[in-house]
Every structure is written in C-alpha cells, then in structure tokens.
Amino acid sequence: MDDVQITVNGQVRGCDGAGPHTRLLDWLRAEGLTGAKEGCAEGECGACAVLVARPDGPGRSRWTAVNACLPAALAFDGQEIITAEGLGTAPGPCAEEDLHPVQRQLADRGGSQCGYCTPGFVCAMAAEYYRPERDAAGSGRRVETGPAVVGEEHAADRETGPNGFDLHALSGNLCRCTGYRPIRDAAYALGVPEGTDPLFRRQGQSAPAARPTRVAAGGAQFVRPATLEELFDRLEHDPRARLVAGATDLGVEVNLRYERPPLTLAIDRLEALRVLDVGPDRIEIGAALALTEIERGLAGRVPLLDRLFPQFASRLIRNAATLGGNLATGSPIGDSAPALLALNAAVVLASAGGEREVALAEFFTGYRQSVREPGEVLRAIRIPLPLAGHSAFYKIAKRRFDDISSVAAAFAVKFDDRPDGRRVSAVRIGLGGVAATPIRALRTEQALAGRPWSEEVAVDAAAVMAAEGTPIDDLRASARYRSAMLEQSMLRFYAETQAGPEVG
Amino acid sequence: MKSLADRPVSPVVGLEVAHESATLHVTGAALYTDDLPARNRSVLHAWPVQAPHTHARVVSLDGTPALRVPGVVRVLTAADVPGLNDSGTKGDEPLFPAEVMFHGQAVCWVLGETLESARLGAGAVQVGYEPLPSLLTLTEAIEAGSFQGHQPTVSRGDADAALGSAAHRFAGEIEFGGQEHFYLETQASLAYVDEGGQVFVQCSTQHPSETQEIVAQVLGLRSHEVTVQCLRMGGGFGGKEMQPHGFAAIAALGAVLTGRPVRLRLNRSQDITLTGKRHPFHARWEAGFDEDGRLQALKAVLTSDGGWSLDLSEPVLARALCHVDNAYWIPNVRIDGRIARTHKTSQTAFRGFGGPQGMLVIEDLLGRCAPRLGLDPAELRRRNFYRPGQATPYGQPVRHAERLHTIWRQLFERADVEHRREQIAAFNAAHPHTRRALAATPVKFGISFNLTAFNQAGALVHVYKDGSVLVNHGGTEMGQGLHTKMRQVAATALGVPLDVIRLAPTRTDKVPNTSATAASSGADLNGGAVKDACEQISARLAEVAARRLNIHPDDVRFANGTVTGIGFHDRDIAFADLVHDAYFQRVPLWAAGYYRTEGLHWDGARMQGEPFKYFSYGAAVSEVEVDGFSGAYRLLRTDIIHDVGDSLSPLIDRGQIEGGFVQGTGWLTLEDLRWDVSAGPHRGRLATQSASTYKLPSFSEMPEEFNVHLFEQATESGVVYGSKAVGEPPLMLAFSVREALRQAVAAFGPGGREVQLASPATPEAVFWAVQDVRANATASPADGAAARPETGSAPSRASTPGH
C-alpha cells in the first residue's frame with residue numbers, strides 16, 4: 001500500500017492516522033490545524049471550509065472551497081489543501097503579522113465577532129477572491145435577477161459586488177453573530193490578487209492528479225480505483241460497496257447517522273465520469289462532475305439548469321456535489337431530479353457488461369431506490385436537444401438560499417404561437433417533495449397538452465396540479481401548503497409567461 | 001473620586017477599533033475549548049446515552065456491555081457521584097436522572113479512548129425504561145394545570161374598570177415559538193486534575209463561577225478546589241449561562257475518576273436535543289383604548305413553556321412581565337405570569353431573557369388593533385409612547401422617555417419614510433402578485449439583572465515593571481467584544497495606548513464570585529471594576545509622579561503613555577519610567593477593582609421597584625416584499641437608530657446592533673422549532689435537531705440595505721465612560737420586520753381589518769395570512785373583523801371596528 005500523503009499549507013503530511021471514515025476536518029484538527037471548526041457536521045454552516053486545488057482546464061488549477069466535515073481525509077491523497085492558517089499569520093511571540101487580503105478586510109471591518117465561523121468564511125471568500133472569471137475591474141455593483149425572472153419584484157438570484165465578488169460564494173457559510181453586513185462589506189472591498197501572490201500563481205499550474213488509494217483499517221476499506229475497470233471489478237466482488245463522489249450525502253450519513261460502510265469506493269476523479277459534451281442532439285454530463293463545474297461548462301446552455309443552480313444548496317456544496325450523486329441517492333427532495341425530469345433527461349448506467357440508457361422518469365422505483373443494479377455505476381446524464389422554449393424552476397423552502405425544498409417544481413414547455421393565440425404543444429413538469437420519489441406531473445401535463453395557453457386553462461391546470469402526488473406534513477411544511485404550492489407554481493408560471501420577455 | 005461617566009482628554013474609549021482577537025480569528029489561531037484536546041495527551045472522550053422516551057422511569061441500567069467495547073474506559077452513572085447528583089442551583093435537575101423528563105435526556109455517559117469507542121460504548125449500555133404519559137404543548141400543560149415556580153403579577157391601577165369604560169376594547173390570543181441558540185461552537189468542556197491537585201476545567205461558559213460551583217457541588221468539593229477557565233466562546237447568546245454546568249461536571253467527574261483529561265463536546269444534534277432554548281409563550285389579552293387610540297388598560301396572562309425544570313424560567317418570566325409595556329404608557333395594567341412544566345428541554349436564557357417575549361405581546365396587539373382603530377400602526381405606536389414623568393407598571397420612572405420621541409422623529413427623517421410610503425403604494429398598484437410594506441417599532445429595554453445581587457463585578461489589574469498591563473475581569477468573551485471594550489477602558493483609565501493592555505482569559509482563580517456575563521451588563525459591570533482597579537493604581541502612580549514633578553497628585557495627568565501635570569508643555573514622564581520608579585519606591589502596582597450598580601431596588605414578590613439602572617432606547621423601520629404565490633419574502637431595507645449612550649467602541653456596538661437585529665429577525669420569521677407532538681412512537685422528539693432542519697438567517701436574510709446610526713449626544717450618567725449596554729436591546733428591533741410583513745399581507749386586501757400572523761412568520765405562515773386576507777376581501781363585510789376566529793380573536797363585546 002502506498003503511503004497516503006496530503007499537502008497542507010505547502011507542507012506534506014503523512015496520513016497514517018486516518019481511517020476510511022475519518023473526515024478531512026477531524027484529520028486536520030488532529031494534526032493541530034484547529035482553525036477549521038465543526039459547526040454542524042452536515043455541510044450547512046461552512047465553519048470547516050478549506051481550499052483544495054482542483055483541475056481547471058489544461059495546465060490550470062483553481063482554488064476551490066469545500067466543506068472539510070463531509071469528505072474522508074483519504075479522498076485527498078496526493079492533493080493540496082490550504083486552511084485559514086495557511087493563508088496568513090496573526091502577530092504573536094514567534095510571528096510577524098502577515099494577513100491575507102481577505103483576512104485583513106474581515107479583521108478590520110468587524111467581520112468576526114466570536115470568530116468561530118471566521119476561518120471558514122476566510123476560505124470561502126479566498127476562493128472567490130481567486131476566481132479567474134471575477135470581474136474585479138468593476139462593472140459596478142449589480143443585483144441580477146435570474147434569467148427567467150420577470151420584473152424587479154422577484155427575488156434576486158445573484159448579487160455581485162463592485163469588485164465582481166459573487167455573494168453566493170458565501171451562501172454556505174453561517175454566522176450567528178454579525179448579521180453579515182460587515183462580511184459583505186469586507187468581500188466587496190477586496191481588490192485583485194497580486195501577480196506575486198503564490199496562491200494566485202499556483203492556479204497557473206495543473207492540479208495534482210488523483211492517486212489510486214487503498215487503505216484498510218478497523219474493518220473498513222477506502223479505495224480510489226485507478227480505472228473504471230478496477231471499479232467494476234471491486235463492485236462485482238463487494239456489492240456492499242458505497243460509491244462516493246462529493247461525499248455531500250454520505251458524509252452526512254457518517255456524521256449524523258453514524259453509518260460506517262465497510263467499503264467506500266471514491267469515483268469522483270474517474271475521467272469517464274467527468275465528461276461534458278454538447279452534441280447536436282444531446283448534452284452529456286459526466287455523473288462525477290461537480291455542479292459548479294457543470295454550471296461553468298454549460299455556460300447558460302440550459303436555462304432551466306441555470307435557474308436550478310443558485311437554488312441548489314450552497315457554493316461550498318456545489319463545489320463538491322455531483323449530479324450523479326444527487327440522482328443516485330434517489331432522495332425525493334433532491335433538487336436536480338425535478339429539473340431533469342422536465343428536461344426529459346436519461347441516465348447512463350455502466351457496468352462491466354456495458355452501458356444502458358434509462359429515462360429518468362423510469363429510474364426511480366421507490367424511496368431512495370432506483371433501477372440501478374449493484375454492479376452498475378451512474379456514469380452520465382443525457383439531456384436531449386433541442387430544449388423546450390420555455391422553462392421555469394420554483395423551489396419552495398423556508399429559507400431563500402441553501403435550504404431543502406418543501407416542494408420543487410420544474411416546467412419545460414413548448415408553445416405554438418398561432419394567429420388565433422398561443423397553444424401548448426409540449427409540456428413536461430417535474431416535481432419534488434410530493435411523493436416518495438421525484439415524479440412527473442402527468443395529469444397536469446395532460447390538462448395542458450394541446451390546449452390554448454389562457455388564464456382559464458392555467459387555472460384549471462393549477463387545480464389539477466394541486467392534486468398531484470401525495471404530499472405529507474413534516475417539519476418543513478404542511479401537506480396543505482405543499483399542495484397549495486403546486487397550484488401556485490402553475491399560476492406563477494402562467495403569470496411569468498404573460499408578463500415579460502420570453503422565458504428561457 | 002472621578003465620576004464614572006466622565007471621559008479624560010484623548011480617551012481610548014470611543015475609538016473605532018477592531019475586535020481584540022480579530023487577527024487570531026481570521027488566521028484560525030484563536031483557541032476555543034475544543035481546540036485544546038489536540039494539544040493534550042491521553043484525553044478521554046465522553047458520549048451520552050440519550051433516552052428514546054419523552055417521559056419514563058429508568059428501571060434498570062447496565063453499563064457492563066459497554067465496558068466490553070474496545071476502547072471504552074468507564075461508564076459514568078449516578079452511583080459515581082461523590083457529591084450532589086444535580087446540575088442546577090434549584091435542586092430540580094438531576095445530572096443522572098432516575099426519571100427521564102424529555103426526549104433524548106442523557107441517563108449516563110460513556111468515556112472512551114476515542115470518540116468512536118465512546119459512541120459505540122454508549123450504544124451498548126442496557127437501559128430499561130417504563131414509559132410514562134407526557135405533556136408537550138403549552139395547551140396540553142395549561143389544560144392539565146402543569147405549572148412550576150412562582151406565578152407573579154405586575155399590576156397598577158384598575159384594569160377591569162378601565163377596560164369597562166374604554167371606548168374601544170379588543171381581545172386576543174397568541175402563541176409563539178422559542179429559539180435555538182445555535183451558537184456555532186457547541187457546548188464544550190475539557191477537565192483534568194492539575195499538578196496542584198485541583199480540578200481544572202476549561203469550559204465554554206458565560207458563567208465560570210457558577211460552573212465552578214456546580215462542578216464542586218457534584219464532586220463534593222469546595223470551590224477553592226475547582227478552577228474554571230473560559231478562553232473565549234464561539235457564541236453564547238444566553239445558551240451558556242446555565243447550560244454548560246452539567247457537562248462540565250460530567251467531564252470533571254470523569255477526570256477525577258480516571259485520572260485522565262476528559263473532553264466533553266456535544267455534536268450539533270446532541271447540543272440541540274440536550275440544551276434549553278428561548279421560552280415559547282402563550283398569551284391571552286384584553287386591551288382598552290380611548291377614542292384617540294391611547295391605551296387605557298391591558299389585562300394579560302402570559303404562560304411560558306419552561307420545559308422540564310425551572311432553570312432560569314422565573315427570572316425570564318419576570319423580565320417578560322416587565323417588558324410587556326415596551327415603550328408604551330398603559331395607565332391600568334394587570335399582567336399575570338406562569339410557567340408551564342412540559343416534557344421538553346429546560347428552556348433558559350436567550351438574548352433578551354423574556355424581554356422579547358413580553359414585547360411581542362404588545363407589538364402584536366398594536367399591529368392587530370391598529371386597523372380596527374382606523375389608525376396607521378406607526379401613528380398608534382407613537383401616540384402611546386411614554387412621556388417624561390411617567391413610570392412603568394412596576395413603578396420605575398421612565399428616565400429619558402423623550403429619547404423615544406426624538407429617535408422616532410430622526411428615524412423617520414433618515415429613512416425617508418414619507419417618500420418611501422408613496423413609492424410603496426405605487427409599486428403595489430403596479431404589481432398584482434407582490435406587496436411591499438414598511439413598519440416601524442420602538443424598543444425600551446431595562447438594563448441590570450432583575451436580581452439585584454448579580455449587579456456587581458470584580459477585576460484584577462497588574463502593571464508589570466516594564467509598564468505593560470495585564471487585565472483580568474469577571475466577564476467572558478463570546479464575540480460581543482467585551483474584552484475589546486475592557487482594553488479600551490483600561491487604556492483610558494491608565495492613560496496608555498491600547499497595545500500596552502493585554503486581556504487574560506477569564507478564570508475563577510483570578511476574579512472570584514462573578515456574575516454571569518449576561519443581561520447585556522458585561523461592559524457596565526466589568527468596566528466599572530476594571531476602571532476602579534486602574535484608578536487605584538493611577539492614584540498611587542500620581543503620588544510618585546507628583547513628587548518627581550513637584551506638583552500636587554491631583555494635578556497629575558495620564559494620557560497616551562505619558563504622565564505630566566496640568567498645563568505642563570515641556571516636562572513629562574514616560575508611563576513605563578514612572579512604573580519603574582514606583583516599583584523601587586515600593587508602591588503596589590496591581591489592584592483588585594470592584595463595582596456595584598448603585599440605586600437598584602426590586603421586590604420580586606410584589607413585582608415593584610426600580611430594578612433597572614437605566615433604559616436602552618432604539619427604533620427600527622423595515623421594508624419587506626411579500627410574494628403572493630408562495631408567501632416568501634425579502635427584507636429590502638432596514639434603518640435603525642439605537643441609543644448606546646456614548647459608545648465605548650463604535651465598531652463593536654454597531655456589530656451588536658446588526659447582529660442582534662438579524663438574530664431577532666431569525667426568531668420572528670425563520671427559526672422554527674418543531675417537536676413531534678403526535679401520539680406516535682417518536683412523540684416528544686425534536687424534529688428540527690440539525691442545521692439542515694433548523695434554519696438560521698444566512699446572507700439571504702440580511703437586509704439588502706442596512707443603515708445603523710448611533711443616537712448622538714447620549715451620555716449616560718452613572719455608567720462607565722457614559723456608555724450604555726448593547727447586547728440584548730437591538731434584538732427586539734426585529735419586530736419592525738414582523739410588523740412590516742403583517743402590513744404587506746394586509747395590502748393583499750382592502751385593509752381596515754385585523755391581520756393575524758403566526759410567529760415565526762415563515763413563508764408558509766405568511767402565505768396562509770395572505771390567503772385569509774384574500775378570502776376576506778371577497779367575503780361580505782358582515783363576516784366580522786376576526787380573520788381566523790379559531791385561533792382565538794373573537795371580536796370582543798365592546799369592539800367598534802374602524803373609524
């Protein structure tokens with residue numbers, strides 16, 4: 001077995017003490033790097049955020065902020081990590097003050113009170129500071145609405161500072177003390193990285209390649225297969241294996257429900273699962289691409305997904321979480337499934353025996369269950385082209401950002417504009433949070449297909465939609481509210497298609 | 001003797017300085033209690049055995065299976081307790097209970113070489129339970145007559161008679177939710193027996209002295225055998241005033257029994273399920289107004305949900321009753337209070353300490369009654385403000401009542417309210433599915449512990465021969481900036497630059513018998529004590545300087561690290577040189593400072609007196625936008641003017657105001673504690689026990705435009721350097737958001753009707769309120785004014801809707 005090594009703040013550290021279930025955060029803290037904190041252990045608060053050098057095209061890397069509480073330490077074999085301690089130094093008996101620009105701004109502007117969340121904020125903010133696309137020259141502070149949102153009355157999906165700082169970079173960090181204003185001010189006061197900044201320069205080189213990793217300890221194994229073939233081989237030999245990519249779901253199970261899978265197979269760096277291909281009649285998205293990578297790679301090509309991304313958890317989560325993971329866990333409240341159902345997507349299941357394509361509508365079979373066989377891996381997601389002309393994604397939750405859906409509804413509709421008025425020529429509606437699996441709103445689709453797009457039809461369809469699924473009462477919402485939100489989503493979709501410019 | 005409020009020339013207080021630990025925070029170098037185990041060897045880890053019942057007798061407990069789990073070292077049970085098996089001060093909180101009183105209560109603890117072994121060991125402990133019937137909701141407890149503690153009453157005048165003769169009389173009811181502290185750092189202790197044989201506990205606690213007392217109580221030791229240190233906390237908010245004691249005692253017990261350091265850190269789910277929260281309340285009220293909308297009478301019964309034990313429920317209730325008036329003169333009052341006993345976590349202190357709950361009752365009442373009185377809610381509020389010369393229902397004159405009026409007027413000007421109301425009306429007319437509204441609410445909050453004895457503090461200040469200064473005081477740092485302010489106070493009192501002063505962590509062997517850092521009083525009390533200690537030293541140094549300068553000691557001046565005489569321009573002494581001289585003249589260079597708040601009196605039995613040193617004032621105006629499709633909303637803009645006296649540290653005070661406001665907004669709109677109240681197998685289980693189910697405000701909840709202004713020319717006489725407390729009062733400025741939501745909801749209909757809004761006003765709650773308004777808008781006027789009679793606002797006998 002190769003020795004597992006992780007480079008932290010430029011120093012190579014052996015990883016002998018870490019078992020298959022030791023989280024990156026716990027390993028860092030045991031190493032004496034106690035800056036990163038555990039606030040929630042489920043990727044909600046960001047107190048544990050650190051920076052990882054991730055690939056960013058040929059010969060480039062990108063400092064990517066991730067939650068350290070969720071992934072296994074062993075998943076970072078051969079990788080480079082920066083923590084708050086590595087960004088700068090406080091004055092002390094053996095040190096001169098040497099603060100990173102992000103740290104300087106936060107410290108001077110009252111961005112920390114109790115300070116417990118601060119190292120995580122520092123890392124999330126530093127990633128945005130180094131983001132190559134950040135328009136630091138300043139095209140002016142702007143509050144943008146989502147592409148399909150009509151009128152200023154709708155919630156801003158994005159907020160950007162005068163220095164191009166996207167405030168959503170901090171949507172996965174919670175602070176209980178400050179009320180956030182000084183943190184926002186600190187973020188918006190950041191300048192441009194200097195050319196001599198070593199972390200800035202580091203982005204001009206490739207990220208470390210993933211290393212095949214095999215560690216067994218305490219009756220459990222962590223394996224990063226070198227190839228797809230090795231993956232299939234191990235899957236065949238141990239059907240109990242848990243596949244893990246971003247670990248944003250499995251990490252929660254380990255931390256909060258104390259699951260200890262005997263074999264974890266890390267698949268997130270396998271190239272076969274990381275393709276992004278836009279063809280003439282379909283888009284193929286690798287199952288192990290992080291959502292942020294997809295968002296960047298598609299660059300607005302799928303408007304419905306553009307409306308989904310800002311609503312999908314937080315940037316910290318999207319930097320690790322994958323579309324494949326979100327589908328394969330089969331949660332009825334996963335946010336991508338309703339959107340992909342509306343887009344008529346299919347999944348590609350791969351095994352030693354070959355590949356098969358399954359329509360997403362036939363993929364889910366029950367609560368957190370799917371047609372995926374034990375030996376199969378969800379390799380890619382395919383979205384057929386052309387896209388429907390009009391789409392929308394409505395997520396209903398208690399909190400505007402980084403919350404779990406009470407209800408999610410995605411619309412993809414093709415209209416036929418005739419002299420006598422507009423008709424619905426094709427419609428797909430995906431729903432989450434109203435049944436044991438994500439579902440299509442088939443009866444509502446029937447109520448719309450071929451009908452004139454009038455208020456009367458929309459109101460009737462809304463009433464049909466209110467009865468879709470079998471919503472329940474739980475801590476997030478009442479069943480009554482969930483049904484009402486289905487109805488209201490249809491009414492809103494109608495209103496939006498009437499009110500303004502053509503919707504995505 | 002110098003006046004407490006007077007500032008010398010070039011004071012360090014009042015300067016805008018960053019948090020004393022800011023550079024440590026941002027570099028990850030600031031140490032918290034649970035950062036210490038990584039620096040200690042052979043630390044044991046503790047894990048609780050949490051009962052899967054809401055109310056049950058423990059009929060058997062067998063820890064031996066746990067001892068067979070590899071790595072398990074010890075199972076701690078009631079039989080191990082050498083002292084008293086109780087983690088509280090009232091004798092009603094057994095540390096190892098024989099009767100489970102809430103779902104998830106810890107019945108015993110397992111110590112392991114690793115956290116994993118302790119967890120697996122806890123799973124192996126065999127516990128037999130005999131389930132018992134449980135009471136969960138306030139309604140269940142009230143129906144069952146399940147109450148605990150005192151049932152105080154605040155009264156003045158004849159409320160019944162005044163109600164009978166009032167021109168308008170309304171009645172209502174409201175039940176509203178509590179709040180989880182969700183300090184980012186969960187409860188943490190690290191205990192060991194030190195090289196001197198004493199029990200040393202590193203603890204994240206707002207009340208080190210009481211943690212020390214409880215540890216001693218459980219171990220059967222005297223206080224001088226236990227030392228508690230609090231480095232700093234990753235947030236407290238009241239949740240570490242009483243709650244840490246039992247966990248510290250478990251760690252200390254384990255350390256004493258095993259001879260090894262024991263770490264007890266709760267993970268988030270354990271913290272949420274084991275520790276107390278802000279008290280939910282139920283209130284039933286009747287109010288009478290005169291023809292002009294002036295309050296004539298208020299009768300109310302407030303019932304708090306105290307959970308399973310008293311903890312701080314009595315003083316929380318007392319503060320609630322003392323704040324039902326908020327900023328309003330009510331000539332005839334009778335407010336009865338009681339504490340329900342339910343099978344839930346024992347609810348405890350939380351920023352505001354009952355004050356927010358009391359104020360919610362009157363702000364809700366005014367928000368509901370305004371349309372029925374035909375008055376703009378802001379005008380109704382203003383009309384009822386206290387005026388100089390008036391007193392609270394408990395008999396305390398409302399000093400500086402004129403500030404309410406001044407703040408209100410300034411706020412409306414600064415926030416451009418009149419113009420924005422026009423813009424809002426135009427916006428609403430142009431948008432069929434969206435409504436905007438703005439609302440303003442005031443705050444008057446009494447400062448001092450209601451219990452007079454707590455209003456004292458100590459400090460220990462050392463000046464070393466090189467002129468450097470080390471300050472200890474009894475207060476704890478939880479992010480509120482107390483240490484920053486204390487450095488500024490010490491630098492001001494000694495006339496030295498800030499970098500001369502270093503703050504040491506809070507320890508019970510430095511300053512004994514301290515009060516909790518709570519009730520917003522940290523800077524007032526400890527500032528008084530630090531200043532006293534520094535002035536003792538500077539008085540002695542003045543004598544040394546006077547001899548050298550050949551002047552009277554009273555004419556010696558200390559400023560910016562130099563010591564000189566009045567009117568001297570050419571002769572001065574460096575502070576460090578003077579200190580050096582003083583040492584060789586055998587002058588003591590350290591002092592213990594002490595402060596007690598003057599002029600307080602409180603009769604808790606009669607609920608009368610003057611319990612507060614002064615009142616803090618403020619007001620906020622908030623504008624919201626509500627989406628009619630979902631009930632979701634945005635907070636577009638908030639403007640605040642708040643009275644902090646003459647600020648000791650403006651950056652810190654602004655941070656407290658903004659942070660308190662957002663935390664209050666979280667309580668009122670988003671943070672939603674849900675227990676399983678069904679009769680099913682998980683009855684009593686807290687459903688929202690993680691960050692994914694209990695949502696805190698994030699960036700998206702911050703006001704998009706946020707303007708905070710400190711009230712000017714606000715010197716508070718009798719308080720350290722003329723300042724005022726700031727920790728709690730701004731939380732209650734968040735009522736402006738709740739009232740703005742109510743008004744935005746009302747704008748979906750024709751207006752003129754009472755709008756009821758649940759608390760927290762989640763998007764779902766707002767949606768249903770909108771639906772009610774829409775339904776009423778299409779119903780006939782004869783349907784009556786009450787929007788949802790089932791929740792208790794039956795129109796009262798004498799009510800006359802609208803003018």
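Mentor: Helices (H or I, at least four residues) and strands (E, at least two) are DSSP runs, numbered from the N terminus. Gln713(B), for example, lies in the loop between β30 (705-710) and α18 of chain B. The model is predicted, so local features need pLDDT of at least 70 and side-chain atom pairs count only at pLDDT 80 or more, whereas totals for chains, interfaces and linings use all residues. Residues are numbered from 1 along each chain as its sequence is written, and chains are lettered from A and ligands numbered from 1 in the order in which they are written.

Trainee: What is the value of phi of Gln713(B), and does Gln713(B) count as buried or exposed?

Mentor: Most residues other than glycine have a negative phi, and most peptide bonds are trans. Gln713(B) has a positive phi, near 50 degrees. Gln713(B) counts as exposed because it has 6 C-beta neighbours inside 10 Å (buried means 20 or more other C-beta atoms within 10 Å of the residue's own, exposed 12 or fewer, partly exposed in between, with C-beta atoms placed from the backbone). Tyr180(A) likewise has a positive phi, near 80 degrees. Its place is the loop between β7 (156-160) and α5 (181-188) of chain A, and Tyr180(A) counts as buried, with 27 C-beta neighbours inside 10 Å.

Trainee: Which peptide bond to Pro386(A) is cis, and which to Pro760(B)?

Mentor: The bond from Leu385(A) to Pro386(A) is cis, with omega near 0 degrees; Pro386(A) is placed in the loop between β18 (377-384) and β19 (390-396) of chain A. The bond from Ser759(B) to Pro760(B) is cis too, with omega near 5 degrees, and Pro760(B) is found in the loop between α18 and α19 of chain B.

Trainee: At what angle do the axes of α10 and α18 of chain B cross?

Mentor: Two packed helices are described by the angle between their axes and the distance between the axes. In chain B, the axes of α10 (residues 355-373) and α18 (residues 735-746) cross at roughly 25 degrees and come within 11 Å (axes are lines fitted to C-alpha atoms, for helices over the stretch in contact, and angles run from 0 to 180 degrees between N-to-C directions). α10(B) and α18(B) are therefore roughly parallel to each other (under 35 degrees; over 145 is roughly antiparallel, 65 to 115 roughly perpendicular and the rest oblique). On the α10(B) side the contact is made by Met359(B), Glu363(B), Gly367(B) and Pro371(B), and on the α18(B) side by Phe735(B), Glu739(B), Arg742(B) and Ala746(B) (contact means C-beta atoms, placed from the backbone, within 7 Å).

Trainee: Which residues does His103(B) touch, not counting those up to four places away in sequence?

Mentor: His103(B) touches His53(B), Thr54(B), Gly684(B), Arg685(B) and Leu686(B), with residues up to four places away in sequence not counted. His103(B) sits in the loop between β4 (99-100) and β5 (106-112) of chain B, and counts as buried with 25 C-beta neighbours inside 10 Å. His103(B) and Ser759(B), 656 residues apart in sequence, are 24 Å apart in space, C-alpha to C-alpha.

Trainee: How many residues of chain B are in contact with chain A?

Mentor: On the chain B side there are 66 residues, in contact with 69 residues of chain A. Four helices of chain B, α1 (22-26), α8 (268-274), α17 (650-670) and α19 (763-778), each supply at least two residues of that side. The largest share, 9 residues, comes from α17(B).

Notes. Two residues are in contact if their C-beta atoms, placed from the backbone, lie within 7 Å.
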